[in-house]
Amino acid sequence: MPMSSLPAAILSHMTAVNNVPPPPLHSIPNLKKSKHINYGQLNALCHIRGQHSRSISNTLSPHNTFMKQYPKVFLHRKTRLPKLFKQEEQRELSEGKEESQHQQPDDSHNVAVYVERAHGGHNLYRPKRATENFEEFLAILKKLPIHRTPYEHKTVWKYLKTIPNLTSQLNDKHLKTLSKTVFSETWLKGSTVIANDGFYVILKGLARPQTNLYKNLIEGSDSPVSFIPQSFHSFILSEKFKNSTLAKMYLHSHDSMLSKWSTFGTLEVIPQIESGTQMFSVVTEDDCEILKIPAKGYAKIKEEKIKMENMQKLKLIHMCPYYEEWPTLSIYELIALLKWKKFPPGHVIVESGNIISFVGYINSGCCNIYRSIIGFVKLQSNKVKRSQKLVYMGQLKEKESFGEISVLLQVPFTCTIITEKEVEMAIIEDKDLFVA
């Protein structure tokens with residue numbers, strides 16, 4: 001009997017499936033050993049005797065052994081400490097000192113060394129690094145200030161801070177600004193250097209003063225005549241001293257040589273004078289390298305300083321309660337009369353019953369206000385004594401003013417004002433106020 005098509009297809013499929021070979025066997029993948037496990041210790045733990053015993057007495061000792069050995073199964077990373085560089089730096093410094101000591105020649109018989117030291121100069125045998133730094137400083141000064149890097153500007157500033165004639169009359173902020181304007185000039189032997197337009201510092205060579213009078217026009221000098229230290233061989237006189245008999249005597253007697261780090265000239269802008277007049281001039285005895293600080297550069301610094309002070313004064317007056325609605329032009333009239341003044345702690349600014357001599361605007365610090373009161377004190381003998389005491393009434397704080405009514409109306413103060421701590425204030429003296 002013939003089979004239908006469907007059973008025949010099923011039979012042929014089953015026959016084909018039975019003839020298919022089984023899939024091939026795959027090997028178990030290899031396990032990677034962990035880097036954090038000590039497999040030797042792990043194997044030793046697995047073979048500790050007695051840990052599978054059922055009795056408690058026999059199991060306790062293997063258990064303790066297992067717990068002691070168990071932490072050794074895990075490997076710990078070794079901590080690496082940072083490297084220390086201090087010892088190496090000290091070694092380098094000590095080696096440098098030893099080399100400089102070996103290289104420094106014996107100057108016990110060198111007369112030039114003693115002459116240099118006697119005049120206050122620097123030692124002839126400086127360390128090699130100092131010489132290289134100075135040569136680098138000279139190379140920086142040859143560049144135009146606009147082409148210098150921030151590091152080079154900082155180097156120039158560092159050297160300017162070593163010149164006493166500048167540091168004694170200018171603060172670090174002004175020196176830092178001036179360091180971005182200075183440059184170096186080369187003068188041949190026999191040249192005449194006229195220093196009417198700036199302040200000069202000799203870096204190399206010698207020079208002889210042609211006019212022995214040097215005006216001290218740098219801001220901050222109050223004395224009529226001031227002498228620069230002998231190591232710098234500079235002699236400075238003020239305008240008041242210029243035409244005196246003593247000045248004429250110095251003109252003929254002062255004849256010292258200007259050497260390295262000596263200074264001459266002025267930082268004040270001098271108006272144009274007759275061509276034949278040379279107020280500050282020297283003649284070079286050698287080929288010289290001379291640092292120049294232009295007077296115009298310092299004039300700009302003074303202008304900026306005045307602007308900053310005026311802005312500070314304007315802000316101070318505007319913040320005082322009675323001046324908040326004042327127009328700016330009116331306040332600028334007061335700014336021209338203001339002067340900065342500091343008072344120590346415990347200073348009596350004005351006493352009760354007196355007319356104050358100025359109007360004050362407190363910038364920092366505070367003042368206490370006291371009222372003088374007369375009272376009676378009972379004594380042990382049943383008598384009454386009259387005494388005067390100061391009673392605390394209040395306080396004047398920052399950005400507050402006082403003294404306007406007393407000065408303008410010439411009315412005595414009704415209270416006493418004493419500074420609690422150091423107080424800085426801007427004041428207008430009564431004489432300036434009445435003249436204005």
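## Basis of the description

The structure is a predicted model, in which local features need pLDDT of at least 70 and side-chain atom pairs count only at pLDDT 80 or more, while totals for chains, interfaces and linings use all residues. Residues are numbered from 1 along each chain as its sequence is written, and side-chain values use heavy atoms, with hydrogens and water left out.

## Overall make-up

The secondary structure of the chain comes to 15 helices and 17 strands, where helices (H or I, at least four residues) and strands (E, at least two) are DSSP runs numbered from the N terminus. Of the 436 residues, 31% count as buried; buried means under 20% relative accessible area, exposed means over 50%, and partly exposed lies in between, with a 1.4 Å probe and protein chains only.

The chain exposes about 30,400 Å², of which carbon and sulfur atoms supply 57%; accessible areas come from the Shrake-Rupley method with a 1.4 Å probe, and for residues only the protein chains shown count as cover. Among contacts (heavy atoms within 4.5 Å) between residues at least 6 apart in sequence, 74% join residues at least 24 apart.

Four strands form an open sheet in the order 10-17-12-15, with antiparallel pairing; two strands pair if DSSP finds at least two bridges between them. The edge strands are strand 10 (339–343) and strand 15 (401–402), each of which pairs on one side only. Strand 10 is joined to strand 17 by five bridges in the antiparallel sense, and K342 has E424 in strand 17 as its bridge partner.

Helix 12 lies across strand 10, strand 12 and strand 17, and runs at about 100 degrees to strand 12; axes are lines fitted to C-alpha atoms, for helices over the stretch in contact, and angles run from 0 to 180 degrees between N-to-C directions. In helix 13 the buried residues are I331, L334 and I335. Because they cover an arc of only 105 degrees around the axis, these residues are on the same side of helix 13, the arc being that of the directions from the helix axis to the C-beta atoms. The buried residues of helix 13 pack against helix 12, strand 12 and strand 17, whereas L329 and E333, on the other side of helix 13, are exposed.

## The nonpolar cores

A nonpolar core is a set of buried Ala, Val, Leu, Ile, Met, Phe, Trp, Tyr and Cys residues joined through side-chain atoms within 4.5 Å. The largest has 32 residues, of which I349, I356, F358, Y361, F402, I417 and M425 touch the most other members. Two or more residues come from each of helix 12 (295–319), helix 13 (328–335), strand 11 (348–350), strand 12 (358–364), strand 13 (367–378) and strand 17 (423–429), and strand 17 gives the most to this core, with five residues. Apart from this core lies another, of 24 residues, among them F134, V156, Y159 and V201.

Leaving aside neighbours within four places in sequence, M425 is in contact with K339, W340, K341, F343, I349, F358, G360, Y361, I362, N363 and F402.

## Strand 16 and its partners

Strand 16 (residues 416–419) is covered on both faces, with T416 and I418 buried on one side and I417 and T419 buried on the other. Strand 11 pairs with strand 16 in the antiparallel sense over two bridges, and V350 stands opposite I417. Strand 13 also runs antiparallel to strand 16, joined to it by four bridges, with C367 opposite T419.

Three strands form an open sheet in the order 2-8-4, and the pairing is antiparallel. Strand 2 (192–194) and strand 4 (207–209) stand at the edges with a single partner strand each, so one side of each is left without a neighbour in the sheet. The twist averages 30 degrees from one strand to the next. Three bridges join strand 2 to strand 8, where V283 is the bridge partner of T192; three bridges also join strand 4 to strand 8 (residues 281–284), and P209 stands opposite V282.

F264 is found in strand 7 (residues 263–265) and is buried, with a relative accessible area of 1%. F264 and S281 are 17 residues apart in sequence and 8.2 Å apart in space, C-alpha to C-alpha.
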